[in-house]
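Colleague: Could you take a close look at the side-chain contacts in this model for me, the aromatic pairs and the charged ones? I would like to hear how they sit in the fold.

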Amino acid sequence: MEAFLRSSRSAMREDVDQPSPGFHVVLGNEACDVDSMVSALAFAYFLSKTAHSDTVTLPLLNIPQSELVLRSDNVFLLRQAGLSPELLIFRDQLDLRALERAGRLRLTLVDHNVLPSSDSYLEEAVVEVIDHHLLEREPNPTCSVTVEMVGSCATLVTEHIIQKAPEILDQQLAQLLYAAMVLDCVNMDPAAGKVTPKDSQYAAALERRFPTLPPRGALFQSLQNAKFDVSGLNTEQMILKDMKVVSETFNVAISVLYITLEEFFQRVGLEAELSSCCQKFGFDLLILMTISFTESREPIRELAVFSQSSRCREQVCQFLEQSCSPALDLRPISTPLPHISAYHQGNRLASRKKLLPLVKAFLKEQSGDRCPGPGEEEESDVPPTPMNSLVEGCPLNEGLPQISAQDLQEKFSKLEGVDL
């Protein structure tokens with residue numbers, strides 16, 4: 001693996017501006033957690049050993065290089081596997097747009113199956129997808145899709161390797177894949193609701209082939225300790241540490257925090273810092289999902305919604321409170337912070353993976369409606385009009401005179417006292 005990563009970096013530096021056959025980039029998701037990182041590294045390595053072309057294969061971490069320090073469990077695992085972070089290639093080190101324009105880019109997505117709107121220009125370059133999230137991708141005959149709702153994307157990558165090129169597996173690669181499975185599947189514990197029979201099958205296969213792999217329990221605990229270490233991080237860094245963004249009419253960031261809301265709310269100037277972070281990165285709304293553990297290692301989940309727009313925040317909260325698939329079982333928690341709504345989440349199995357489709361469904365319902373920014377909201381005495389001839393743009397509106405808000409107010413005032 002080390003030799004492959006060195007050659008990939010060298011080829012990137014030498015050939016990116018040359019008329020070479022091009023690059024096959026394996027791109028993880030924007031959260032760049034352990035599963036996403038390992039899946040990108042392992043599948044790119046697999047392609048480099050099995051592809052019969054002159055194309056340069058590159059694993060690409062979907063974050064700027066400066067953000068790797070925020071992923072303490074990633075850094076810990078790399079060191080345990082004997083790989084230097086300096087060998088990795090990050091999103092800000094490779095110009096995908098230039099490669100795509102030049103027709104020199106093939107793209108494989110791992111640990112996600114659709115590109116965010118900011119990367120939509122890359123869609124024509126996507127030739128393969130390997131993912132374990134809900135399938136959202138439209139069918140395309142030029143793109144091979146492997147999507148299965150297992151606990152870890154690394155499970156599907158391991159399946160590819162064992163079925164098609166088992167000879168490339170060595171202790172180092174097995175340790176990376178095994179660690180991603182154990183961490184994402186919560187120590188392969190069925191009670192956590194993440195592990196599937198296929199995850200267990202391929203974890204066991206790695207254990208049989210490499211009996212000196214670290215014991216599951218010890219490996220999981222060491223990765224958890226590294227992942228939950230947020231000492232020294234400021235509020236912005238904590239939000240960016242494990243974040244995914246959903247964009248439709250407006251932008252929603254969903255961050256996982258590894259402390260309790262009680263601890264997080266004690267930060268001085270928290271709302272100002274959250275507002276600054278949203279402005280800096282263009283977020284209209286921020287959802288914070290916390291996870292912590294009791295002394296008996298039972299998970300505790302909490303959820304908070306932040307937005308300067310009270311209307312936007314209330315709409316999202318109402319949607320999540322009323323969700324049935326899955327039901328989050330949200331119970332309000334009092335908070336002195338006026339722009340944050342907080343909840344205890346009774347459904348401990350509903351991770352961000354389960355929340356993402358809910359947020360996307362909400363945004364689709366709001367299509368065409370923009371989340372107002374600070375100072376933009378105005379109270380109106382005029383109730384919202386239904387989709388009828390009074391609404392501009394409705395087919396029934398053609399050729400009819402426009403009715404202003406003032407006209408409506410006058411009409412409603414005339415109805416006062418009338419028994420309808």
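Modeller: Let me start with F362, which has a relative accessible area of 4% and is buried, because that value is under 20%. This is a predicted model, so please read each value as computed from predicted coordinates. F362 belongs to helix α13 (residues 352–365), and its partner F319 to helix α12 (residues 310–321). The two rings form an edge-to-face aromatic pair, 5.5 Å from centre to centre and with 65° between the planes.

F4 sits in helix α1 (residues 2–15) and Y45 in helix α2 (residues 34–50), so parts that are 41 residues apart in sequence are tied together. F4 is buried at a relative accessible area of 9%, and Y45 is buried at 8%. You will also find one aromatic cluster, made up of F228, Y258 and F293. An aromatic ring meets a charge at Y121, where the charged end of R97 sits over the ring, 3.8 Å from its centre.

Now to the charged pairs. Side chains of opposite charge can pair when their charged atoms come close. Here the count comes to 12 salt bridges. One of them joins R137 and E123, with 2.3 Å from N to O. R137 is in the loop between β4 (126–131) and β5 (144–147), while E123 is in the loop between β3 (105–110) and β4, so the pair, 14 residues apart, links distant parts of the chain.

For R331 and D329, the closest N and O atoms of the salt bridge are 3.2 Å apart. R331 counts as partly exposed at 40% relative accessibility, and D329 counts as partly exposed at 42%. Finally, have a look at E148, E159 and K198, which are linked in a network of salt bridges.

Notes. Residues are numbered from 1 along each chain as its sequence is written. This is a predicted model: local features need pLDDT of at least 70, side-chain atom pairs count only at pLDDT 80 or more; totals for chains, interfaces and linings use all residues. Side-chain values use heavy atoms; hydrogens and water are left out. A salt bridge is a side-chain nitrogen of Lys or Arg within 4 Å of a carboxyl oxygen of Asp or Glu. Helices (H or I, at least four residues) and strands (E, at least two) are DSSP runs, numbered from the N terminus. Buried means under 20% relative accessible area, exposed over 50%, partly exposed in between (1.4 Å probe, protein chains only). Rings of Phe, Tyr and Trp (its six-membered ring) pair if their centres lie within 6.5 Å; planes under 30 degrees apart count as stacked, over 60 as edge-to-face and the rest as tilted. A charge sits over a ring if NZ of Lys or CZ of Arg is within 6 Å of the ring centre and within 35 degrees of the ring normal.
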